[in-house]
Structure formats: C-alpha cells, structure tokens
Amino acid sequence: MAELILDSVSQSYGTRQIIADLSFTLPEGAIGCLLGPSGCGKTTALRCISGFEAIQSGEIRIGGDVASRPGWMLPAEKRRIGMVFQDYALFPHLTVADNVGFGLRGETHAARQARIAEMLELVGLGGHAGQFPHQLSGGQQQRVALARALAPRPRLILMDEPFSNLDVELRERLSLEVRDILKREATTALIVTHDQHEAFSLADWVGVMHRGRIQQWDTPYRLYHEPANRFVADFVGQGALVTGEVINDHQVEIELGVLNGHVPVECDASGCDECMRNCQVDVLLRPDDIIHDDDSLMLAEIENKAFRGAEFLYTLRLPSGQRALSLVPSHHNHAIGEKIGIRLAVDHVVAFRRE
Amino acid sequence: MPVAVTFSSFAQVEGDILAHLAEFVLPELVGNTLWLVIGVAIGVSLLGVSLAWLTATCDFPGRRLFDWALLLPLALPAYVTAFVAIGLLDFTGPLQTAVRETWGPVKLPEIRSRGGVILVMSLALYPYVYLIARNAFATQGAIALEAAQSLGLSRTQGFFRVALPMARPWIAAGLMLALMETLADFGTMAIFNYDTFTTAIYKAWYSLFSLPAAAQLASILILFVLVAVVFEQRSRAQMRYSTVGRSAAQRRIRLSPALAGLAFVYAGTVLAAAFLIPVTQLVLWTREVIGDDLDSRYRAFAWHSVLLASIGALMVVIAALLLAYAGRQRPGSAMVWTQRLATLGYAFPGAVLAVGLFIPVAALDNWLIDAGRAGFGFDGTEILKGTLLIMLLAYLVRFLAVGFGPIDSGLHRITRNVDEAARSLGAGTAGLLTRVHLPMLRTSLLTAAALAFVDIMKEMPITLMTRPFGWDTLAVRVFEMTSEGEWERAALPALAIVIAGIIPVILLTWRGARPLD
C-alpha cells in the first residue's frame with residue numbers, strides 16, 4: 001500500500017500532447033478515479049503510472065520512490081503495481097487458481113496455495129479454482145482479474161474501464177463489491193472510467209480530465225456541487241446554465257430571483273468587492289435546484305419530459321426563453337405545454353464569468 | 001532475403017536467349033498453361049461453391065459428415081489422384097477393359113488429355129474454394145438472405161444476387177490459392193505428360209542441363225504467378241469489409257426430399273471421385289505389391305521423407321515464429337512488407353525456387369572452391385551444391401507462409417493487455433515467452449509444424465531437382481514409379497504420404513470447429 005503522486009507529468013506522441021501538466025496526490029489506501037470522455041488522456045495517464053509509457057516531463061512517485069522521470073523509468077515488472085484490464089486479459093491456458101497465482105513467485109508452495117485460496121475467497125469464487133477462464137461469466141472473470149492483481153500484495157492497483165464489458169445491472173452491483181474488496185485489503189487504487197456513476201460509487205477522489213489536463217481533483221460531492229469550471233459542470237451530472245448578474249460577492253440575480261451565497265467568480269483582476277457589481281455571469285442550475293410548487297407565482301412551460309420511475313425530469317422553458325431542468329416527484333404528472341409553478345432551492349451558487 | 005535470391009533468376013533472362021525454346025516450345029507451353037488455368041478455375045469454382053453452399057446453408061442427409069469429409073481430398077496430393085485416375089481409366093485400366101469385354105470396342109474419352117488433367121486438378125483442388133467459401137456462407141448468415149426475401153427476391157434470386165456477391169472476395173481468394181497450386185503443380189503434369197512450365201523447367205534442368213533455360217522459363221512462370229498473387233491479396237483486403245450481420249447457420253434451408261436426395265448423391269459422388277475411390281484403389285494396389293516392395297530400401301525412403309519433413313518443419317516453425325514475433329515487437333509498415341515478402345514463397349512453384357536458389361548457391365560454391373584452392377590448397381568440387389542445405393533452404397522459402405499463417409494469427413489472439421498483465425505481475429521478457437506466449441501458442445505451433453511437415457512430405461519438384469545423390473524420398477519414389485507407368489508400385493509410397501496428409505486436415509477441421517476461432 002502506498003501513496004501515489006503525479007507531479008506535473010506530461011506525455012506526447014510527436015507533436016500531439018496526450019497529457020499535460022498532470023498533478024494529483026492519491027493518499028495511501030484511498031480509491032481514486034480518473035473520469036473523462038474518450039480521448040481525454042486518462043488511459044495514457046494510467047499506462048504512464050504502470051510503466052508501459054515513458055513520460056516527457058514531471059515525476060511519478062509511488063510510496064515515496066520515484067517510478068518515472070523524463071528519460072528513466074522503473075520497468076513495469078519491478079513496480080509492484082497490480083493491473084485490471086478492460087478485457088480482463090486472463091491467461092486462457094491457465095486455471096483460475098494458476099491465474100491468481102501467476103504473480104506469486106519465490107514463495108513456498110504452501111504460502112502460494114494459501115494466498116490463492118484467500119484471494120478466491122475474498123472475491124467469492126472459492127469453488128471455481130480448477131476452472132478455466134472461458135468457463136466463467138463476465139462478472140466472474142472480472143473478479144478473477146481483480147484477485148490476480150491483488151494476490152502479490154501490490155503497492156497500487158490500476159483498473160482500466162473495469163466494468164465496461166458488463167451489463168448495467170451487474171456493473172452497479174460489482175462496483176460496490178469491488179470497492180468493498182479494495183477497502184478490506186486497504187489497497188490504494190486508481191480507476192479509469194468514462195462513467196460518472198461508476199466513479200461516484202467507487203472512488204474517494206475523482207479527477208475529471210479533459211484534453212490531457214485534470215480539470216478538477218476532488219471528492220465526488222464537491223465535483224457535483226462545486227464544479228471548478230464549465231467543462232466539469234457540464235460533464236458531471238445534469239443541469240443548465242442561465243444568465244445572471246452579480247450584485248455583490250454573495251448575491252447574484254437571475255430571472256427567477258436573487259441567489260444568496262458566496263459568488264465564486266473573479267470579474268476583475270483586482271478582485272475587489274465593488275468591481276464585481278454588474279458582472280455578467282452564467283449560473284449553473286441543477287435539476288434539484290428547481291422545485292415544483294403549485295403555489296408559486298413563478299411559472300415555466302414544460303417543453304419536454306422524461307419519466308424516470310420515481311420522478312419526472314422536466315425540461316422547462318423560462319419566461320425569457322432560457323431552458324432549465326427540474327426533477328419532480330412522479331405523481332406530479334403534467335402534460336407538455338402546460339405551465340407549472342416553480343421555486344428556487346439553491347444551496348450554493350455556481351457561476352462562471354460570461355465570455 | 002530468400003525471395004530476393006529467387007528474384008535473381010530474373011537477371012538471367014538477359015543472358016543468351018535460346019531461340020529454339022522461344023520458337024518451338026513456348027507457344028505450346030503458354031497455350032497449355034492458359035487452358036489449364038481457365039479449366040481448373042471453372043472446375044474448382046463450380047465444385048467448391050456449390051458444395052460450400054449446400055453444406056453451409058442447406059440441410060440434407062449426411063450433411064454433418066460431408067461438412068468435413070469434403071475437405072479430405074486436401075490430404076491427397078494431386079499427383080496421387082492423377083496416377084490413380086490414369087491407372088483406372090486408361091486403355092489398359094480395369095474400367096475400359098470391362099467395358100470392352102461387355103460391349104466390344106467402344107471409344108471412351110481419353111483420360112490422358114487436357115480434359116483429363118483439368119478434371120483431376122479440379123477434383124484435387126476444389127477444397128481450397130470449398131473451405132473458404134463455406135466459412136463465408138456460414139458467417140454471412142441468413143440475415144442478409146432473409147432481408148433479400150423480404151424485399152421480394154426468391155431464394156434462388158437471393159443466392160445469385162446477395163449471397164454469391166457477398167462471398168465473392170472469399171471465393172476469389174480460394175480460387176487464387178487453387179490456381180497457384182495449379183501453376184506450381186509438377187507431379188500431375190509429369191504423369192499426364194501435359195507440358196507446362198514446371199515440367200519444362202524440370203526438363204531444361206535435367207535433359208538439357210541448361211540453367212539459363214530453366215531460369216528463363218521460371219521467370220515467365222513467375223509472371224503468371226504474380227498475377228494470381230495480386231488478385232489474391234486484393235480479395236483478401238476486401239474480405240474484411242464484407243462480414244455483415246450475425247451468423248444464423250442454425251436456420252438452414254430445408255430441402256425437399258427429392259432435392260435433398262439429389263444433394264446427397266452429388267456430394268457423395270464428388271467425395272467418392274476425389275477421395276474414396278483413389279484411396280481404395282491405393283489400398284488395393286498396395287496389397288498386391290506390399291510383399292515384394294516393402295524392403296529395406298523402403299525404410300530408407302520413409303526415413304528420408306520423415307527426416308527431411310521434420311527438419312524442414314522445425315526450420316519453418318522457428319523462422320515463422322521469429323518473423324511473427326518481430327512483427328509483434330516492432331509493428332509498422334516496413335515490418336508488414338518484410339513479412340509479406342518473406343511469405344511470398346508459397347506462391348512460387350517449387351521448380352522456380354529450385355532454380356532460383358541453385359544459381360546463387362552454385363556461384364557461391366565456385367567462389368568458395370576457388371578461394372579454398374588459392375588459400376589452403378584445398379581440392380574439391382562442390383561444397384554447398386548438392387547438399388541438403390539447399391534443399392532445406394528451398395523448403396523453408398516455399399513453406400514459410402504455411403507455418404507463418406497459424407503462428408501469426410495465434411500471436412494476434414494474444415492481446416497486448418495479456419502481455420502487460422504478465423509484466424505487471426512481475427514476469428520479465430523471458431518469463432513472458434516461456435510462461436505465457438509459448439503455452440498459449442502451443443496449438444498454433446503444432447498446426448504450423450503439421451502443415452509444413454505434410455507439405456514437405458508430398459513436395460516433389462524441389463526434392464527431385466536439388467536432392468543430393470541417394471536421398472530418395474517417398475515422393476521421389478512415386479515420381480519414379482509413375483514415370484515408368486507402374487501404378488501399383490507407386491501406390492505404397494503414395495498411401496504413406498496420404499496417411500500423413502490426413503493429420504493436418506483433421507487439425508484443420510478441428511480448429512474450425514472450435515468456437516473461439
């Protein structure tokens with residue numbers, strides 16, 4: 001178990017920059033996640049950490065030891081990093097037990113067998129030791145891959161889109177299971193995914209990546225409620241941006257009323273209180289920031305609706321023509337075109353300066 | 001490198017041109033070869049495509065059996081089918097004799113004719129088209145056909161307008177393989193006394209002792225072959241784009257009883273003519289002569305065959321593994337071209353390779369002898385020429401592709417993630433090779449070795465033209481016996497070759513049956 005530190009790591013193929021100035025710290029025993037659309041550089045970042053790609057600048061440290069720096073890297077097989085691949089990459093010619101035992105060299109036979117049994121028990125596959133990978137279901141193969149990676153007690157576990165080959169239901173169940181297993185082994189783990197639900201249910205820390213850069217490294221809660229920039233606001237969760245005007249550093253006026261709370265915008269280099277007045281901003285409204293209230297005088301027209309079971313997600317057209325989303329309990333079933341009363345329930349203000 | 005050596009025979013064309021050859025022999029050779037190619041193309045296409053369609057998409061009695069049994073003729077070298085056909089159907093053969101005794105003198109079509117050669121070659125080579133077309137029909141599935149039917153086409157129209165065009169790249173690839181074999185064939189042509197380039201090269205080599213003449217003929221033959229190679233590569237490139245929809249081989253077309261019976265008779269006839277009858281006849285002949293012929297010389301023939309085939313197969317597997325491995329470690333277009341060039345040897349007739357390799361080796365030999373004389377007072381006539389080395393080298397060039405195919409595709413099935421998984425678990429380069437790659441490649445290596453082994457065992461022209469004195473093999477024995485018309489005595493070595501040849505056919509069908517491939 002070890003702490004993982006990336007210190008302004010960059011990597012490029014020819015002139016194309018794949019990752020740029022990547023920095024984050026994953027504390028010992030924590031589960032981290034790199035989240036981003038495909039092509040954002042998250043998989044390359046993972047390969048740099050695992051030692052399959054060289055880096056051009058910066059430094060990667062695992063447990064205090066330098067693992068990569070420009071022009072030098074510790075070979076992958078010496079890093080003691082466990083990897084779980086998207087396609088699991090199990091060895092088809094070996095049984096489940098031999099797969100799990102592959103990385104256990106230089107131990108006594110008894111110690112090896114004990115560790116294999118322990119790992120298979122941990123992932124709930126105690127009775128499958130003698131089977132071959134192709135005899136297992138996708139979920140079982142996934143767990144064998146995890147057991148194989150954990151068996152040599154690695155300092156760090158890396159997982160590349162570990163659940164993308166599984167169907168949705170299994171994915172949710174398994175991601176909770178995997179979190180449980182990782183926590184029980186107290187393993188530091190870094191997971192790469194494009195699925196935010198996966199990231200949120202698994203990780204203690206999530207880094208949202210875009211164009212090779214980390215946009216925000218934070219807890220899932222803060223990513224959702226306090227996105228650092230427009231990209232994060234847009235990529236994480238649902239919501240809409242509406243225009244607003246700053247009154248002072250704790251008040252913003254939008255067409256639905258005045259929002260109170262710290263206004264996280266710098267409209268001027270000086271950052272003085274007075275200069276923020278009249279600054280034009282876009283304010284992020286999450287679907288749970290707008291509440292349906294029949295008694296409210298503020299009305300919005302329903303432009304579209306999506307049934308979610310427990311609730312409706314309404315797309316609303318505000319009087320000015322701007323759009324916003326609202327999550328409404330599903331017994332409030334209104335028709336498209338109907339006008340319904342709404343009310344603001346914003347906990348804290350998320351706003352970006354309009355460019 | 002080996003291919004570059006082969007091409008060096010082109011350089012010899014500029015040498016003295018034998019006007020005699022050009023004037024009297026060439027027109028006949030070109031005519032014979034063209035007719036042969038056209039006839040065999042039609043024959044193997046008709047047989048291969050119709051049988052593939054029947055076994056891949058229709059249901060009739062015995063279909064499961066025919067499905068793999070129709071591949072069995074692959075185990076029969078064309079020259080074996082050829083001498084059995086002649087032995088059976090010739091004027092003195094049992095059929096004509098029986099006909100004469102029953103109905104008096106009746107004129108039957110002569111088997112030693114252009115038509116006879118084409119018939120025999122078609123029966124021997126149709127499995128190439130059958131194998132590939134069957135896969136195409138089976139994987140393209142019923143979906144496209146059903147779509148066609150929903151658009152108002154009858155089943156027959158659907159076959160001609162949808163299934164057949166979709167399978168065209170596959171059929172073309174199989175056809176080109178069959179035609180390359182036709183162009184390369186030596187044994188059959190020799191038995192039928194049908195003059196094509198391969199036999200002409202052999203005659204120029206042995207009767208005229210003229211290397212330049214052989215080389216010139218070889219380079220003309222290469223032109224024919226290159227056309228086939230280009231077509232084959234092109235249709236391979238198209239094969240990728242043509243897989244549409246999922247396979248639905250379960251929903252077979254149910255033939256009416258009459259049609260099903262007809263299908264059974266048809267498939268049965270082809271199988272009988274191409275495999276059952278020749279093999280039965282071989283067994284019968286063998287029983288006649290086995291007492292007299294199975295002596296110690298035979299053990300030498302068999303031993304030579306097995307020894308050469310084993311060494312050759314080992315060389316092929318090692319070279320193919322290195323080549324495929326190099327491609328994996330350093331992917332890139334240069335490597336792809338190297339691999340393509342190195343495996344081009346399968347297209348070159350053995351007679352051409354023998355010539356192409358002999359010329360530079362002979363030159364090197366002379367140089368070595370001169371150097372030896374000058375430097376060490378060494379006195380000898382040949383060092384490399386006439387040794388096993390040149391023969392094995394020619395085998396390697398000719399059959400590298402045979403071994404490369406299975407090994408390369410086996411290596412492709414090992415994903416990069418598997419490599420990285422092994423390395424992240426602490427395996428170094430050596431560990432990766434011994435603990436992961438070799439075990440995973442075991443079947444591929446075995447298949448490659450078996451295919452190369454059998455191909456070398458039945459190989460005729462290279463062995464004939466480059467073997468050192470006294471190194472007679474089973475195939476050489478077949479050639480010698482057949483050239484004297486002693487069909488019965490050729491049966492014993494031929495049967496041995498056929499039995500060895502069945503091994504890879506079984507491997508092939510077994511591999512095809514596995515769901516993972």
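Of the 517 residues that make up chain B, 46% count as buried. Please keep in mind as you look around that this is a predicted model. The secondary structure of chain B comes to 20 helices and 2 strands.

Chain B is divided into domain 1, covering 26-287, and domain 2, covering 294-517. Where they touch, domain 1 of chain B contributes 36 residues and domain 2 of chain B contributes 32 residues. On the domain 1 side, several helices of chain B each supply at least two residues, namely α4 (78-89), α7 (155-184), α8 (187-192), α9 (197-206), α10 (211-239) and α11 (257-293). Which of them gives the most to this side? That is α10(B), with 9 residues. By class, the side of domain 1 of chain B that touches domain 2 of chain B has 32 nonpolar, 4 polar and no charged residues.

Is Phe192(B) buried or exposed? It counts as buried, because it has 23 C-beta neighbours inside 10 Å, and the cut-off for buried is 20 or more. Leaving aside neighbours within four places in sequence, Phe192(B) is in contact with Ala82(B), Arg112(B), Gly116(B) and Val117(B). For a sense of scale, Val270(B) is 78 residues from Phe192(B) along the chain, and their C-alpha atoms are separated by 21 Å.

The table sets out their geometry.

| Helix pair | Residues | Angle | Axis separation |
|---|---|---|---|
| α4(A) and α5(A) | 138-150 and 168-184 | about 20 degrees | 11 Å |
| α15(B) and α17(B) | 388-412 and 429-458 | about 160 degrees | 8 Å |

With an angle of about 160 degrees, α15(B) is therefore roughly antiparallel to α17(B). The crossing of α15(B) and α17(B) is right-handed. Residues of α15(B) in this contact include Tyr395(B), Phe399(B), Val402(B) and Gly403(B). Their partners in α17(B) include Leu441(B), Ser444(B), Leu445(B) and Asp455(B). By class, the contact of α15(B) with α17(B) has 12 nonpolar, 4 polar and 1 charged residues.

In chain A, how are α4(A) and α5(A) oriented, roughly parallel or roughly antiparallel? They are roughly parallel to each other, since angles under 35 degrees count as such. The crossing of α4(A) and α5(A) is right-handed. From α4(A), the residues Gly139(A), Gln142(A) and Leu146(A) meet Leu170(A), Leu174(A), Val178(A) and Ile181(A) in α5(A). This contact of α4(A) with α5(A) has 5 nonpolar, 2 polar and no charged residues by class.

Glu161(A) has a phi near 40 degrees, a positive value in a residue other than glycine. Its place is in the loop between β8 (156-160) and α5 of chain A. Glu161(A) is buried, because 20 other C-beta atoms lie within 10 Å.

Ala186(A) also has a positive phi, near 50 degrees, and is likewise a residue other than glycine. Ala186(A) sits in the loop between α5 and β9 (189-193) of chain A. With 10 C-beta neighbours inside 10 Å, Ala186(A) counts as exposed, the cut-off for which is 12 or fewer.

**Domains of chain A and the contact between chains**

Chain A is divided into domain 1 (4-234) and domain 2 (238-353). The C-alpha centres of these two domains of chain A lie 38 Å apart. In the contact between them, 6 residues of domain 1 of chain A touch 5 residues of domain 2 of chain A. By class, the domain 1 side has 2 nonpolar, 2 polar and 2 charged residues.

Notes:
Residues are numbered from 1 along each chain as its sequence is written. Chains are lettered from A and ligands numbered from 1 in the order in which they are written. This is a predicted model: local features need pLDDT of at least 70, side-chain atom pairs count only at pLDDT 80 or more; totals for chains, interfaces and linings use all residues. Helices (H or I, at least four residues) and strands (E, at least two) are DSSP runs, numbered from the N terminus. Axes are lines fitted to C-alpha atoms, for helices over the stretch in contact, and angles run from 0 to 180 degrees between N-to-C directions. Angles under 35 degrees count as roughly parallel, over 145 as roughly antiparallel, 65 to 115 as roughly perpendicular and the rest as oblique. A crossing is left-handed if the near helix is turned anticlockwise from the far one by less than a right angle, and right-handed if clockwise. Two residues are in contact if their C-beta atoms, placed from the backbone, lie within 7 Å. Ala, Val, Leu, Ile, Met, Phe, Trp, Tyr, Cys and Pro count as nonpolar, Asp, Glu, Lys and Arg as charged, and the others, Gly among them, as polar. Domain bounds come from an automatic or database domain assignment.
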